[in-house]
Amino acid sequence: MIVRISTEGQFEVEDSSVDKLNELDNRCVEAVEGGDEAAFHATYDEMLELVRSHGKELEDDDLHESALILPPPDLTFEEAGEQFTGEGLIPD
Amino acid sequence: MPGIGGRFSTVIKSKVSKMLDKAEDPAETLDYSYQKQLESLQNVKKGIADVVTSKKRLQMQSDKLEQSVVKLDTQARQALAAGQEDLARQALERKQGLQAELQGLDTQVTQLEEQQAKLTDSEKKLRSKIEAFRTKKEVIKAQYSAAEAQVRISEAATGVGEEMADVGLAMQRAVDKTENMKARADAVSELEAAGTFEDLTQLGEGGDDIDRQLRELTTGSQVDDEMAKMRAELGTGSADAPQIEEGKA
């Protein structure tokens with residue numbers, strides 16, 4: 001699956017990582033709904049790190065579309081409130 | 001897909017399909033989207049130039065503040081030498097306020113430099129994608145039937161479109177940050193302009209809004225420390241001096 005980290009780049013992520021991403025995604029939603037800013041940033045950073053470390057960055061001239069687009073790494077907690085709601089970025 | 005992922009790609013797809021609807025033959029669409037891509041690339045370049053301009057402006061403001069800090073220090077020294085304890089204290093309070101602002105400004109200039117580097121990277125990536133699109137469009141033109149070409153154009157254009165939207169987002173975030181910095185720097189400039197200590201007698205009256213704001217930014221003890229240091233340097237010795245000026249405070 002191709003995942004884009006907004007303002008950073010695209011990564012080819014093994015399908016086996018998707019469950020873990022989904023779990024982190026749900027925890028982000030929980031943190032946002034609970035108003036826990038520290039927990040949100042920690043979890044979202046973990047999510048980004050998973051993509052960066054388990055994913056293979058696409059070549060610059062690759063024209064593939066992403067299946068999932070993650071918000072920018074410098075996302076504020078306020079902005080997170082607009083993204084991480086309901087089922088999060090990844091539908092359950 | 002909900003969230004930013006969903007909305008983001010839907011926007012790109014609808015733009016691409018609108019573009020495809022307008023064009024009658026795929027070759028025309030291909031050339032048209034390539035033209036559009038080149039235009040967008042120009043906008044990205046312009047955007048980066050704007051960030052650089054803002055950074056330079058902030059650096060100039062920072063230099064100006066630096067000069068004011070030096071000036072206030074000199075004036076505090078002169079005031080103290082002349083026995084004008086109150087004026088010296090006010091000058092030092094202003095100086096400390098400006099120093100705090102100066103630090104903030106320098107941090108922001110550094111952040112802006114990072115933004116600039118990131119945008120330059122993004123521009124490079126986008127340029128590679130556009131170049132890949134150019135190559136691909138020639139292949140599509142030469143090898144595919146009209147119906148099949150439509151699908152392939154859509155795929156390729158969406159890939160470039162996504163990158164473009166992402167650069168757009170990065171640019172927007174950089175501009176927003178720059179705007180915040182500019183507003184802050186302008187506020188500092190106003191403070192600095194109003195409090196440059198040009199007129200010692202005017203300062204003696206004190207108590208205006210700027211004085212209050214600047215005083216809030218400082219701690220009294222830092223000023224006391226500096227006063228003591230200056231006194232020592234000037235050789236005025238003991239701290240009896242404040243009593244002379246107390247009536248004016």
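A residue counts as buried when its relative accessible area is under 20%, as exposed when that area is over 50%, and as partly exposed in between, with a 1.4 Å probe and protein chains only. By this rule B:E85 is buried, with a relative accessible area of 4%. The structure is a predicted model, in which local features need pLDDT of at least 70 and side-chain atom pairs count only at pLDDT 80 or more, while totals for chains, interfaces and linings use all residues. Residues are numbered from 1 along each chain as its sequence is written, chains are lettered from A and ligands numbered from 1 in the order in which they are written, and side-chain values use heavy atoms, with hydrogens and water left out.

**The interface of chain A and chain B**

- In contact with 31 residues of chain A are 29 residues of chain B, where contact means heavy atoms within 4.5 Å.
- About 2,300 Å² is buried between chain B and chain A, and 49% of it is on carbon and sulfur atoms; buried area is the accessible area (1.4 Å probe) that two parts lose on being put together, summed over both.
- Seven salt bridges are counted between chain B and chain A, a salt bridge being a side-chain nitrogen of Lys or Arg within 4 Å of a carboxyl oxygen of Asp or Glu.
- A salt bridge links B:K124 and A:D60, with the closest N and O atoms 4.0 Å apart.
- There are 11 residue pairs in polar contact across the interface of chain B and chain A, both residues being at pLDDT 80 or more.
- A polar contact is a pair of N or O atoms within 3.5 Å; within protein, one must be able to donate a hydrogen and the other to accept it, and residues adjacent in sequence count only if both atoms are side-chain atoms.
- At least two residues of the side of chain B that touches chain A come from each of helix 1 (3-22), helix 3 (85-143) and helix 4 (146-194) of chain B.
- Helix 4 of chain B gives the most to this side, with 12 residues.
- The residues of this side of chain B comprise 10 nonpolar, six polar and 13 charged; Ala, Val, Leu, Ile, Met, Phe, Trp, Tyr, Cys and Pro count as nonpolar, Asp, Glu, Lys and Arg as charged, and the others, Gly among them, as polar.

**The sheet of chain A**

- Chain A has an open sheet of four strands in the order 3-2-1-4, with mixed pairing; two strands pair if DSSP finds at least two bridges between them.
- Helices (H or I, at least four residues) and strands (E, at least two) are DSSP runs, numbered from the N terminus.
- Strand 3 (56-57) and strand 4 (68-70) of chain A are the edge strands, each pairing on one side only.
- Strand 1 (residues 2-5) of chain A pairs with strand 4 of chain A in the parallel sense over three bridges, and A:V3 has A:L68 as its bridge partner.
- Strand 1 and strand 2 of chain A run antiparallel and are joined by four bridges; A:R4 has A:Q10 as its bridge partner.
- These two strands of chain A form a hairpin with three residues between them, and A:T7 in the turn has a positive phi of about 65 degrees.
- Strand 2 and strand 3 of chain A pair in the antiparallel sense over two bridges, with A:E12 opposite A:K56.

**Individual residues**

- A:D15 lies in the loop between strand 2 (9-12) and helix 1 (18-33) of chain A and is exposed, with a relative accessible area of 58%.
- A:D15 and A:M1 are 14 residues apart in sequence and 6.1 Å apart in space, C-alpha to C-alpha; the side chain of A:D15 reaches the backbone nitrogen of A:M1 at 3.3 Å.
- B:E85 belongs to helix 3 of chain B, and its side chain makes a polar contact with the side chain of B:R231 (2.5 Å).
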